[in-house]
Amino acid sequence: MSITASGPLPVAAHEPGAYAPPVPALAERVGWLKLLGAFRRNTLEALPRACLDEPAVTVPLPGGGRIVLLSTPAGARHVLLSATEDFLRLPAGRRAIGPIAGNGLVLADGEAWRHQRRVLAPAFTPRTLPLMLRFVARAAEESCRRLEAGLGAPADLRSEMQRVALDIATTSMFSLETGALGTEIRRLVSGYLDRLGRPTIADFLLPPGWPTPSSPRRALFRRRWLGTVRAVLAARRAQGATGEARDLFDLLVEAHGDAPGGLLADEVGTLIVAGHETTASTLFWACTLLAREPAVQDALAAEAAGLDLSEAGAATSLAHLRLARSVAQETLRLYPPVYVIPRRAARASVVEGTAIPAGSIVMIPTWVLHRNPLWWDRPEVFDPRRFLDGPEPDRFVYLPFGAGPRICIGAQLALAEAILVLARLMRDFRLSLDGDRPVLPVATTTLRPDHVPRFHLERRAG
């Protein structure tokens with residue numbers, strides 16, 4: 001069976017669309033200690049299998065508290081849209097992410113959050129996307145040059161995708177080439193998310209404001225991180241006005257002032273991390289999936305072959321990359337950046353027939369929603385066709401960036417970045433994984449691989 005970019009996806013050596021990437025099995029029995037402990041190791045190991053069948057699964061906590069997992073679209077809609085004021089950020093999340101985000105948008109609440117969201121919104125409208133995509137195309141071009149120079153040796157595509165995503169974040173949002181600072185940012189962020197960014201049982205059980213065993217090391221990281229962010233701010237200030245168009249830095253300075261540190265540093269640090277971590281993760285997992293589906297790679301290359309993916313043509317070509325979009329969307333379904341959405345019940349309520357006392361921990365397990373056969377056909381399988389011609393999934397069944405008022409403000413930009421970089425990568429190269437060891441997702445602060453695999457890249461003719 002032949003394959004074209006506009007036709008059906010390919011039949012490989014196996015059944016079409018039959019590749020099911022390996023993942024940890026859902027847990028048969030879950031107690032509170034196992035669930036909270038898994039946040040330190042791999043949250044996916046403790047998500048209950050019962051979430052596939054039951055609208056709400058309750059796990060009792062010591063002292064009369066409880067964790068309630070809501071795994072239906074109705075439950076997600078209630079928490080994330082209908083009753084947002086009743087479900088607040090967890091103190092555990094603030095402890096784990098606070099050293100990076102500070103008082104930035106990710107952790108802000110109430111009127112502070114609404115103000116910060118209004119400040120940032122103009123930078124993420126459809127009107128600004130063409131300008132952003134010029135930076136995406138440039139970063140993709142530079143990435144392909146680096147990969148070309150390394151042909152013949154195994155490639156670390158995880159590090160490369162982190163680099164290209166960080167380049168996009170800093171140049172598109174802050175008109176800044178980070179240079180040596182980029183290496184330091186990647187080192188700090190990766191190290192923190194791999195270790196201190198993992199929530200601990202103490203983060204969940206101790207009252208807000210109480211120190212935990214991780215507090216001293218997190219405070220030390222916070223000082224180092226702020227030092228790096230202030231160096232980014234100094235480099236951007238030294239450039240003065242961009243001259244072409246107001247970028248995100250200009251908007252932030254206008255809203256928060258140009259004094260060193262404070263909210264400006266928190267917003268810049270948050271956006272650098274969020275802007276590159278989501279895109280890098282999506283690109284990396286897409287590469288692991290495509291490595292097992294060479295015919296899909298060929299189809300992506302054929303789709304991109306006749307399109308202008310340069311800085312001048314990227315915005316126009318984006319709409320024609322339908323297959324690349326569906327691959328990115330399917331990757332986000334299988335490996336959602338927001339794999340679980342935790343909240344704390346501010347007041348007592350009943351959701352999906354389940355009583356939720358005030359103070360309960362409420363979780364929307366996106367990972368389970370995305371893999372439930374009630375909502376998806378063959379959910380364990382990598383099959384981009386589900387996004388190619390079918391109807392859009394319910395927005396509370398497909399939650400890669402969250403939903404409701406607090407949906408990721410840069411979701412559309414992140415998706416566009418992944419589409420363009422994948423198209424350029426597949427147009428230039430064929431890739432395969434080095435060895436047969438499965439790459440398993442580890443869910444802590446983000447979805448990360450259990451080891452860093454090596455890829456083989458081969459230059460496409462022409």
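Student: Why is Leu 188 called buried?
Tutor: In this predicted model, Leu 188 has a relative accessible area of 6%. Buried means under 20%, exposed means over 50%, and partly exposed lies in between (1.4 Å probe, protein chains only). Since 6% falls under the 20% limit, Leu 188 counts as buried.

Student: On what basis are such values given?
Tutor: Residues are numbered from 1 along each chain as its sequence is written, and side-chain values use heavy atoms, with hydrogens and water left out. As the model is predicted, local features need pLDDT of at least 70 and side-chain atom pairs count only at pLDDT 80 or more, while totals for chains, interfaces and linings use all residues.

Student: Where does Leu 188 lie, and which residues are in contact with it?
Tutor: Leu 188 belongs to helix α7, residues 180–194. Helices (H or I, at least four residues) and strands (E, at least two) are DSSP runs, numbered from the N terminus. Beyond its neighbours within four places in sequence, Leu 188 is in contact with Phe 221, Arg 224, Trp 225 and Thr 228; contact means heavy atoms within 4.5 Å. Arg 224 is 36 residues away along the chain, yet its C-alpha atom is separated from that of Leu 188 by 8.5 Å.

Student: Is Thr 228 buried or exposed, and how do you know?
Tutor: Thr 228, which is found in helix α9, has 7% relative accessibility and therefore counts as buried. Not counting residues up to four places away in sequence, Thr 228 touches Leu 181, Glu 184, Ile 185 and Leu 188.

Student: What makes α3 and α9 roughly parallel?
Tutor: Helix α3 (residues 91–101) and helix α9 (residues 215–239) pack at about 25°, their axes 8 Å apart. Angles under 35 degrees count as roughly parallel, over 145 as roughly antiparallel, 65 to 115 as roughly perpendicular, and the rest as oblique; α3 is therefore roughly parallel to α9. The axes are lines fitted to C-alpha atoms, for helices over the stretch in contact, and angles run from 0 to 180 degrees between N-to-C directions.

Student: Which residues make this contact, and how are they classed?
Tutor: On α3 they are Arg 95, Ala 96, Gly 98, Pro 99, Ile 100 and Ala 101, and on α9 they are Arg 218, Phe 221, Arg 222 and Trp 225. The classes are six nonpolar, one polar and three charged residues. Ala, Val, Leu, Ile, Met, Phe, Trp, Tyr, Cys and Pro count as nonpolar, Asp, Glu, Lys and Arg as charged, and the others, Gly among them, as polar.

Student: Is Pro 208 buried or exposed, and what makes it so?
Tutor: Pro 208 is in the loop between α8 (201–205) and α9. Its relative accessibility is 60%, so Pro 208 counts as exposed.

Student: How do you know whether Thr 366 is buried or exposed?
Tutor: The relative accessible area of Thr 366 is 0%, so this residue is buried. Thr 366 is found in helix α15, residues 366–369.

Student: What lies 3.1 Å from a polar atom of the Thr 366 side chain?
Tutor: It is the backbone oxygen of Val 338. A polar contact is a pair of N or O atoms within 3.5 Å; within protein, one must be able to donate a hydrogen and the other to accept it, and residues adjacent in sequence count only if both atoms are side-chain atoms.

Student: How is Thr 72 classed, and which residues does it contact?
Tutor: With a relative accessible area of 12%, Thr 72 is buried. Leaving aside neighbours within four places in sequence, Thr 72 is in contact with Pro 55, Glu 352 and Leu 369.

Student: Over which residues does pLDDT stay under 50?
Tutor: This applies to residues 1–14; pLDDT is the predictor's confidence in each residue, from 0 to 100. Where pLDDT is low, the predicted coordinates should not be read in detail. The protein averages a pLDDT of 87, and 94% of the residues score at least 70.
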